[in-house]
Amino acid sequence: MKKREMEQPYLDEEKRQAVLSVLLRNSGIFVFEYSPKEDTLIVYNEKFQVVKKRVNLMLWIEETERIYPKDKWKFAEFFRGSMRGKIEVRIKEDDGHMARKILEASYLKREGDCPDILIGTSKDITAEKQKEEYLKEKARRDSLTNLYNKQYGKWLINEYLSKKNSHDSCGLMVVDVDDFKHVNDTYGHLFGDAVLTELSKLLQMFCDPKDIVMRAGGDEFVVFLKDISHTVLMKKSMYLMQAIRRLSFEEDNYSMTCSVGVCYLSQNISGCNYEQLFKNADGALYRAKEEGRNRYVFYDV
């Protein structure tokens with residue numbers, strides 16, 4: 001039996017070019033070539049039309065403000081050929097926003113005396129990175145209150161404590177809603193969620209941006225205050241209790257109170273971690289509840 005002759009390809013040269021253009025446009029890829037001898041970069045669009053020509057590229061890299069400063073060395077070494085594989089760089093676009101690009105290239109060997117040129121692609125991954133950061137940040141947050149969740153909050157606090165200057169002091173509060181089970185049983189879980197949400201907003205307003213606020217679970221919250229003196233921590237504890245009592249809700253007959261345990265870590269004490277501070281603050285919280293709730297109790301390390 002004779003071999004079947006190879007069928008003619010469906011796509012002729014013109015159609016292949018059109019398909020390639022569509023693929024390049026949809027994927028956000030630009031093709032470029034760089035001549036080291038002439039130090040010239042040429043960028044093409046999806047139709048392989050020249051959209052940019054940059055002469056004296058190395059000088060431009062050194063002088064421009066469009067490349068993120070910490071990425072300049074990667075950009076330069078990439079075009080010099082000393083960096084292999086893909087690189088990620090940040091470049092300011094014409095409209096002023098900072099875009100993230102993936103560059104990938106290889107040298108094209110040419111015949112005769114023609115110098116080699118670098119042929120590569122540039123892909124905009126800004127949207128992908130933003131989505132990645134969004135998902136990463138979402139995984140760090142409590143779904144109801146949008147505060148840090150327990151796992152990430154603990155990590156942040158331990159990270160700070162491991163690098164804390166010996167001259168810095170800090171404080172950790174454990175805040176617990178009084179009779180929260182009664183709130184859920186009496187007014188329903190939706191109202192209970194509203195109580196937790198309002199408390200979380202208050203805790204965020206109460207803290208400086210450098211501080212760490214997290215939902216430790218249920219109706220328990222942890223507030224970590226950095227670089228704070230004992231006197232200021234006591235005043236903030238008192239102000240917080242007053243602010244909590246002033247919170248108002250749709251159910252007029254509900255008045256919110258909390259019990260708070262506070263642990264203060266003074267200067268020149270190192271080696272502490274989150275678990276130790278939390279244990280001390282939690283012990284102080286237990287005493288506050290024993291003494292009648294609606295109050296704060298201090299524990300000094």
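Start by selecting helix 5 (residues 150-163) and helix 9 (residues 274-290): their axes come within 9 Å and cross at roughly 110 degrees. Axes here are lines fitted to C-alpha atoms, for helices over the stretch in contact, and angles run from 0 to 180 degrees between N-to-C directions. Helices (H or I, at least four residues) and strands (E, at least two) are DSSP runs, numbered from the N terminus. Helix 5 and helix 9 are therefore roughly perpendicular to each other; angles of 65 to 115 degrees count as roughly perpendicular, under 35 as roughly parallel, over 145 as roughly antiparallel and the rest as oblique.

This is a predicted model, in which local features need pLDDT of at least 70 and side-chain atom pairs count only at pLDDT 80 or more, while totals for chains, interfaces and linings use all residues. Residues are numbered from 1 along each chain as its sequence is written, and side-chain values use heavy atoms, with hydrogens and water left out.

Show the side chains between the two helices. Lys154, Ile157, Asn158 and Leu161 in helix 5 meet Tyr274, Glu275 and Leu277 in helix 9, where contact means heavy atoms within 4.5 Å. By class, this contact has four nonpolar, one polar and two charged residues. Ala, Val, Leu, Ile, Met, Phe, Trp, Tyr, Cys and Pro count as nonpolar, Asp, Glu, Lys and Arg as charged, and the others, Gly among them, as polar.

Next, select helix 6 and helix 7, which pack at an angle of about 135 degrees with their axes 7 Å apart. Helix 6 and helix 7 are therefore oblique to each other. On the helix 6 side are Phe180, Val183, Asn184 and Tyr187, which meet His189, Phe191, Gly192, Val195 and Leu196 in helix 7. The residues of this contact divide into six nonpolar, three polar and no charged.

**The five-stranded sheet**

Helix 7 lies across strand 7, strand 8, strand 9 and strand 10, and runs at about 5 degrees to strand 9. These strands belong to an open sheet of five strands in the order 8-9-7-10-11, with mixed pairing. Two strands pair if DSSP finds at least two bridges between them. At the edges are strand 8 (212-217) and strand 11, each pairing on one side only. From one strand to the next the twist averages 20 degrees.

Zoom in on strand 8 and strand 9, which pair in the antiparallel sense over five bridges. Met214 stands opposite Val222 in strand 9.

Asp300 is partly exposed, with a relative accessible area of 45%; buried means under 20%, exposed over 50% and partly exposed in between (1.4 Å probe, protein chains only). Which residues does Asp300 contact, leaving aside its neighbours within four places in sequence? They are His230 and Tyr264. Asp300 and Leu265 are 35 residues apart in sequence and 6.5 Å apart in space, C-alpha to C-alpha.

**The nonpolar cores**

A nonpolar core is a set of buried Ala, Val, Leu, Ile, Met, Phe, Trp, Tyr and Cys residues joined through side-chain atoms within 4.5 Å. The largest has 33 residues, of which Met173, Val175, Leu199 and Met256 touch the most other members. Strand 7 (170-177), helix 6 (180-187), helix 7 (189-206), strand 9 (220-225), helix 8 (230-246) and strand 10 (258-265) each supply at least two residues of this core. Helix 7 gives the most, with seven residues.

Select Met173: not counting residues up to four places away in sequence, its contacts include Phe206, Phe221, Leu233 and Val260. Apart from this core lies another, of 21 residues, among them Ile157, Ile212, Cys263 and Leu285.

Move to an open sheet of six strands, in the order 3-2-1-6-5-4 with antiparallel pairing. Strand 3 (50-55) and strand 4 (87-92) stand at the edges, each with a single partner strand, so one side of each is left without a neighbour in the sheet. Neighbouring strands are turned by 25 degrees against each other on average, direction ignored.

Select strand 4 and strand 5, which pair over six bridges. They form a hairpin with five residues between them, and Gly96 in the turn has a positive phi of about 100 degrees. Lys92 stands opposite Met98 in strand 5.

Finish with helix 4 (residues 126-139), which lies across strand 4, strand 5 and strand 6 at about 125 degrees to strand 5.
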